[in-house]
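Subject: Model for your files

Hello,

The structure is below, followed by notes on what was found in it. Please keep the two together.

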Amino acid sequence: MFNKISFKLILTIVVVAILVFTGYAIITLQTQTNLVMSQVKNFVNTQSETIKNSTKVSMLNNNRELTHEIIRTVGQQPCIRQVRILNKEGEVMYAADTTEIGKVLDKKAEACYSCHASDQPLEKLTISERVRVYRKHPDSTRIMGIINPIYNEPSCWQADCHVHSKNQKVLGVLDLTVCLKHVDQEIASVRQKMVVMAGLAIILLAAILWLLIQKFVDRPVKKLLTATRQVASGNLNYNIPDLGNDELGILARSFNNMTRKLAEARQQLFQSDKMASLGRLAAGVAHEINNPLTGILTYASFLLKRTKNQPEIHNDLQVIVRETMRSREIVKGLLDFARQSIPKKIKTDIHQVINRALTVVENQLTLNHIEVEKKFAPRLPEVQIDPNQMQQVFINLISNAQHAIGSKVGKIKIKTTLVRLSPYGKVQIKQALCPKGHDLMDERQRIDGLPSIKIKVQLDGQEGMVYLDPIYGRNHFRSEISVKNDDIKDIVCPKCNISLIDKEQTCPKCEAPVYLLEIPGKGQLQGCFTDDCQWQYWDFIEKQGPRDYIEIKVSDTGCGIPPEIIDKIFDPFFTTKGQQGTGLGLAVIWGILENHEGTISVESKLGKGTTFTIHLPVQTT
Amino acid sequence: MSKEDKHLLAIDDEQVILDAVKRVAGSEGWQVSTAADAHQGLDLALKNKYDLCLCDIKLPDMDGFEFLEHLNRTNSPLPVIMTTGYATVENAVKSLDLGAIDYLPKPFTADELLSALYRGFRYVQIQQQQQSKPDPNSLIVPCPSQYKKLGYASWCFMDLDGSVKIGLSFLFLKIIGVIKKINLLPMESEINQGFSCAEVEAKNGLVHPVVSPLSGQIIQRNENLIENPEILEKDPYFEGWLYVIVPHNLNYEINHLTFCCQ
């Protein structure tokens with residue numbers, strides 16, 4: 001908790017905010033208090049001036065009763081604490097509080113101090129200098145006092161009473177004291193409001209910050225952390241969802257990119273490892289079998305040489321020698337198959353490769369009166385291929401076509417085009433795993449010649465296998481049972497029964513549960529297989545968008561392939577040519593195209609002919 | 001050839017093969033000594049004088065290639081025929097590179113073994129003849145300078161159009177003697193570097209495989225040879241070509257070839 005970035009950020013910002021707000025509040029309060037106090041001073045000054053003026057007439061008339069009356073009335077006002085008029089000697093002449101009348105104040109008393117501080121009393125003072133603010137006791141309310149000097153005026157010395165002589169300047173002072181209770185209350189309430197507001201602002205700021213940090217920092221960082229843990233535990237197919245376009249988003253994308261490349265590298269390593277172990281196995285088998293075969297072959301052939309005049313034994317021995325020779329060829333074929341090397345790809349014009357392949361088989365085709373029709377697209381981009389291996393592909397396809405036509409008159413058509421294909425219905429799924437890592441590919445159940453993906457579906461009361469089409473989006477799947485939208489109980493791995501259902505999503509078309517399969521190195525595949533919905537989504541491929549392919553169609557007008565064997569034609573050792581063929585031709589083609597990230601598919605009508613369609617990706621870089 | 005003079009050293013870790021070689025070669029007058037591993041074989045080869053050695057590649061401890069290297073270091077003149085159950089181009093080429101005179105993939109028939117031994121023996125004979133007393137009357141047809149070869153048996157010539165012509169060397173023809181018949185592979189067949197691409201039947205009844213110098217596909221064959229195999233002996237480097245092929249992997253395989261005239 002205390003180590004989290006969000007906590008540290010919020011704490012720092014809150015501390016800074018408290019400091020800023022406190023400083024601001026102190027300054028504001030100070031200014032406002034000063035302003036209020038100066039207004040109060042002016043107000044009190046005006047009040048004292050008013051009192052002075054209202055007593056002026058009674059003073060001049062020397063009507064002491066009236067003066068007393070005015071002062072008393074004024075003193076009754078709620079906020080006024082004391083009103084006194086002092087003469088020059090400091091004697092209280094009039095006061096609202098009658099007990100004070102006659103008292104003589106010392107010149108050092110707080111009311112007098114401002115003028116009488118120096119030896120010679122001052123006669124003119126500013127408002128601020130005449131005002132004093134004090135407390136009677138430390139915990140009582142504040143009091144403001146104002147001294148208003150009563151100056152000598154012509155009317156004073158000209159009056160009949162002749163009390164004051166002409167050369168007196170100050171005749172006495174009016175001392176007014178008011179309590180500041182209300183003002184102080186006002187200031188206190190403003191201060192309280194400001195503190196509350198500042199507190200609320202800080203809390204609000206912290207809350208908004210927390211929300212923003214949660215959204216922009218915490219959650220993305222958490223996702224990144226989960227991803228690094230997943231990758232650390234070996235799951236290289238983990239993909240961080242899109243985190244936007246900020247730095248963390250970019251980090252996530254480059255992280256995804258990195259793991260994808262790692263996964264590809266691992267996949268390649270795995271593939272080459274597989275090929276290497278297959279090669280080692282074949283080499284071991286070849287060596288081990290070839291030794292005993294040598295024993296049989298030498299002795300048998302040696303015996304054969306010496307039994308030429310014993311036809312019966314001779315014939316039997318011939319069988320032994322012939323069959324041993326056949327075993328020898330099989331082992332050799334196995335070695336050749338295992339040795340299929342990594343393609344040496346270079347940028348090549350595909351038409352050149354096809355033309356070279358045609359040169360190789362030309363004589364044979366002419367001898368059999370087979371016409372070749374070339375329909376080449378103008379200006380095809382060059383493709384990154386191994387020209388020798390691709391030449392092999394075309395030679396094999398053309399000679400297969402030639403065998404299919406046989407001795408009849410026929411035609412072989414080779415057509416090239418540039419096509420832009422959506423990955424939907426194009427890309428082959430070559431590997432699929434359950435969450436526990438079991439391989440789901442099924443070599444026996446093939447769909448259009450390709451190994452299918454086998455999963456088990458459990459309905460209420462029954463269960464059965466579903467064989468998914470390995471071509472993404474084509475959906476030629478086969479199901480042992482009928483599956484309705486709402487009766488799917490679970491979809492599981494046939495090996496470990498772990499659920500394959502994606503718990504976070506249902507089919508966007510029919511809302512049935514969808515399966516989620518791991519495609520090693522290539523993200524995840526989602527899909528639905530109810531009777532009337534065939535939705536599939538493969539994030540990895542969809543993100544790549546449509547790609548350019550060179551499409552090569554090799555068609556013949558031959559005998560066609562019976563539908564019951566069309567699934568098997570790419571299998572190694574499957575042949576219709578009997579002793580004539582090894583059954584490796586199309587398997588080798590298959591392997592070559594796989595090494596080129598290309599595909600091959602077949603369409604055939606019995607008696608009408610066969611078309612092989614090859615798609616080779618055009619590299620954009 | 002005199003029956004008593006021929007001594008063969010056979011090295012193989014499989015007893016059945018040693019027995020078979022003893023039995024088959026013995027029937028043609030070879031005296032066969034055997035060794036179950038390369039150390040023992042090397043001891044024997046250095047101690048005694050043999051005319052020919054037949055050695056397996058995959059042997060325990062020291063393999064056939066190391067055996068060849070040891071032999072080369074001691075300047076032993078013993079000609080060696082390599083044999084292996086794991087017949088690959090690499091093995092064949094490496095054997096020839098290291099100075100083996102022939103390469104016999106297992107499993108072999110009695111005839112294949114005998115023809116290989118015969119060629120080996122003739123090879124030694126011809127070498128000895130040339131070194132000791134060159135016969136001024138014997139005609140040596142030299143190999144054109146731009147031709148290349150793999151081992152001593154076959155040559156190839158790369159044409160400007162990318163096709164390659166393949167044929168038999170004069171030495172090979174001299175070794176196998178008068179030719180009765182030649183068996184060529186059918187058109188469009190695939191041939192592989194280091195492996196047999198044709199069979200030559202000699203008058204003495206032995207059938208000799210022709211090692212192909214390159215891999216590729218046959219696009220033309222010399223039909224004249226089937227009718228008149230003697231063309232081969234008359235003009236082995238021009239009229240006596242065997243095939244024209246489209247090579248599969250020329251850039252790589254060319255590294256295994258040497259100049260024919262060397």
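Helix H1 of chain A covers residues 5-60, 56 residues in total, and reaches 82 Å from its first C-alpha to its last. That is close to the 82 Å expected at 1.5 Å a residue, the expected span being 1.5 Å times one less than the number of residues. Helices (H or I, at least four residues) and strands (E, at least two) are DSSP runs, numbered from the N terminus.

This is a predicted model, in which local features need pLDDT of at least 70, side-chain atom pairs count only at pLDDT 80 or more, and totals for chains, interfaces and linings use all residues. Residues are numbered from 1 along each chain as its sequence is written, while chains are lettered from A and ligands numbered from 1 in the order in which they are written.

H1(A) has a kink of about 25° centred on A:Ser54; the bend at a residue is the angle between axes fitted to the seven residues ending there and the seven starting there. Its buried residues are A:Val44, A:Ser48, A:Ile51, A:Thr55 and A:Met59 (buried: 20 or more other C-beta atoms within 10 Å of the residue's own, with C-beta atoms placed from the backbone). They pack against helix H2 (64-75) and strands E1 (80-87), E4 (142-151) and E5 (170-179) of chain A. After H1(A) comes A:Asn62, with a positive phi near 55°.

A:Val360 lies in helix H9 (residues 350-367) of chain A. A:Val360 counts as buried because it has 22 C-beta neighbours inside 10 Å.

Regards

Methods:
A residue is buried if 20 or more other C-beta atoms lie within 10 Å of its own, exposed if 12 or fewer, and partly exposed in between; C-beta atoms are placed from the backbone. Two residues are in contact if their C-beta atoms, placed from the backbone, lie within 7 Å.
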